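Please examine the sequence and the structure below.

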Amino acid sequence: MTFQEDRVDDFLKVFDESKEKIRNFPGCSHLELLKDYHNPAIYSTYSYWEDDNALDNYRHSELFKGVWASTKVLFAEKPVAFSSQKYIKSDIV
């Protein structure tokens with residue numbers, strides 16, 4: 001997520017106020033905030049979700065709607081989101 005430079009502190013406040021609620025949301029086992037090494041206006045969240053259903057439940061929750069409403073107005077660029085799974089060599093066919 002790339003934020004307007006003068007709004008980074010606003011985002012950090014939103015994240016700080018919501019991080020424990022997100023971490024305690026059913027299906028979430030990990031959440032951390034990562035800051036770009038070179039650009040102090042770029043951040044990523046990194047989270048572990050039990051499965052797609054747990055993540056979808058979060059994305060449709062009032063918690064997410066509130067966090068997203070407070071966050072999206074702070075962006076300088078369109079955010080990018082993607083889901084990954086742990087790579088396990090035995091998964092290769």
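Which residues form a nonpolar patch on the surface? The patch consists of L34, Y46 and Y48, which together have about 280 Å² of accessible area. This is a predicted model, in which local features need pLDDT of at least 70 and side-chain atom pairs count only at pLDDT 80 or more, while totals for chains, interfaces and linings use all residues. Residues are numbered from 1 along each chain as its sequence is written, and side-chain values use heavy atoms, without hydrogens and water.

Y48 belongs to strand β2 (residues 43–49). Buried means under 20% relative accessible area, exposed over 50%, and partly exposed in between (1.4 Å probe, protein chains only). Y48 counts as partly exposed because its relative accessibility is 40%. F3, in the segment before α1, counts as buried because its relative accessibility is 1%.

| Residue | Relative accessibility | Class |
|---|---|---|
| Y48 | 40% | partly exposed |
| F3 | 1% | buried |

Leaving aside neighbours within four places in sequence, F3 is in contact (heavy atoms within 4.5 Å) with V8, F11, A41, Y43, T71, L74, F75 and A76. The C-alpha atoms of F3 and K78 are separated by 9.4 Å, although these residues are 75 residues apart along the chain.

In helix α2 (residues 52–59), the residues A54, L55 and Y58 are buried. They lie on the same side of α2 because they cover an arc of only 95° around the axis, taken from the directions from the helix axis to the C-beta atoms. Their cover includes α1 (8–23), β2 and α3 (62–72). The face turned away from the buried side of α2 carries the exposed residues D52 and N53.

Terms used: Patches are made of residues with over 30% relative accessible area and no salt bridge: like charges are joined within 9 Å, nonpolar side chains (Val, Leu, Ile, Met, Phe, Trp, Tyr) within 5 Å. Accessible areas come from the Shrake-Rupley method with a 1.4 Å probe; for residues, only the protein chains shown count as cover. A salt bridge is a side-chain nitrogen of Lys or Arg within 4 Å of a carboxyl oxygen of Asp or Glu. Helices (H or I, at least four residues) and strands (E, at least two) are DSSP runs, numbered from the N terminus.
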